[in-house]
Amino acid sequence: MLYPELADKPVVTIMGASAQELYDLGHRENFFYLQHAMGLASSIGLGLALHLPHEKVVVLDGDGSVLMNLGTLATLARYRPRNLVCVIFDNGSLLSTGGFDSHTASGITDLAAMARAAGIQQVAAVDSVLAFGEAAVEAFGRDDLSVIVAKVAAVGPNHYGMDLHLPENAFRFKRWIAGRKSPVPRETS
Amino acid sequence: MSVSYENSKAVFQGIKDAGITSLSALPETWLGLLLQQADRDPDMRLIQVAKEEEAIGIAAGAYFAGERHILLMQNHGFLAAINGVVSLAMLYSIPLCMLIALRGHWGEPYPWHTRGGIVTEGVLRALNVPFEYARSPKEVGRQIREAWTLSQSSLSPVALLLTRDLMEEQL
């Protein structure tokens, strides 16, 4: 459902099911798959958003990853990039490492509440496809930092593999971004 | 023991002269005066993080965006950021130009800094991160420029260690 909105925006996704599913939907040069350094997807998104004011930046994050870098919620709130949408897929587990429950399973830890308490104003918590769709439309339409915490089932793809080397992904992602910028007009005289 | 205002200015000027327009940092005592200057400078974007590892991600985003960006942190912060350095920057060939305050080293009176100070160089060597020592306000501008250049040409993390000689007022 989200895929069409991602076609023309810099997208950073975490590893595991998120990366594989996005890749399988159809890889694009504007997708960066963070296959390691858990927790840093939102920080990369913040760095992109602050320095690319004319782009809408999307981060596809996970509960396990966000729990690894909780300070990010405060840093995001402080700098409040208006052009950043962070989706946190909360499946209550560390799925691709064997499906252990994360702290958000059974409703113990509430990431949406943590995001609000960190100072992020636009936080939506959803647990149905319909609600997610509505929240996404609002998030992409508004000019403010938006976080959507989406409760999802802990299921993933039945295979993992991409025909894309990691540095290759980084090089091509950077070139895609560079290609988006309008050329600086040459000065004459 | 107080931080040298003049030398902090020299470091900040060196950062500006290298064409840097964006900084990520977690403030610490030796960086305080230079971060104040960054904060007051309308041509410098300063992003303060809650934990140093965030700065690795932010720096990667800045790099992808084509921005000239430098990271500032204490050496303990570098220790806290290691997985980001290895599994984001090195893994994806993303350059990082890091100015790292070297606490717990020669002349350190505070016990709590000393373990970090003693292991910092060994960790940098173990990670194959090129590093140099900034000891003089006359040289630091050139060193910052050279650290930047190497980070970009090698697509790797590079560290300039800000020493006590540079950052503290010499009595």
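How many cavities of 30 Å³ or more does the count come to?

1. The count comes to one cavity of 30 Å³ or more. A cavity is a set of points, on a 1 Å grid over the protein atoms alone, where a 1.4 Å probe fits but cannot get out. The largest cavity holds about 40 Å³ of space, a volume being the space filled by probe spheres set on the points.

2. This is a predicted model, in which local features need pLDDT of at least 70, side-chain atom pairs count only at pLDDT 80 or more, and totals for chains, interfaces and linings use all residues. Residues are numbered from 1 along each chain as its sequence is written, chains are lettered from A in the order in which they are written, and side-chain values use heavy atoms, without hydrogens and water.

3. The lining of the largest cavity includes Ser42(A), Asp61(A) and Cys86(A); lining residues have an atom within 4 Å of a point. Helix 4 (71-79) of chain A gives the most, with three residues. Helices (H or I, at least four residues) and strands (E, at least two) are DSSP runs, numbered from the N terminus.

4. Lys56(A) is found in the loop between helix 2 (41-51) and strand 3 (57-62) of chain A. Lys56(A) is buried, that is, under 20% relative accessible area with a 1.4 Å probe, protein chains only. Lys56(A) has no salt bridge (a side-chain nitrogen of Lys or Arg within 4 Å of a carboxyl oxygen of Asp or Glu). The nearest side chain of opposite charge, Asp143(A), is 5.7 Å away.

5. The side chain of Lys56(A) reaches the backbone oxygen of Arg142(A) at 2.7 Å, and a polar atom of that side chain lies 3.4 Å from the backbone oxygen of Ala139(A).

Definitions and conventions
Buried means under 20% relative accessible area, exposed over 50%, partly exposed in between (1.4 Å probe, protein chains only). Lys and Arg count as positive and Asp and Glu as negative; His and the chain ends are not counted. A polar contact is a pair of N or O atoms within 3.5 Å; within protein, one must be able to donate a hydrogen and the other to accept it, and residues adjacent in sequence count only if both atoms are side-chain atoms. On a 1 Å grid over the protein atoms alone, a cavity is a set of points where a 1.4 Å probe fits but cannot get out, and a pocket is an open set with protein on both sides within 12 Å along at least five of seven lines; lining residues have an atom within 4 Å of a point.
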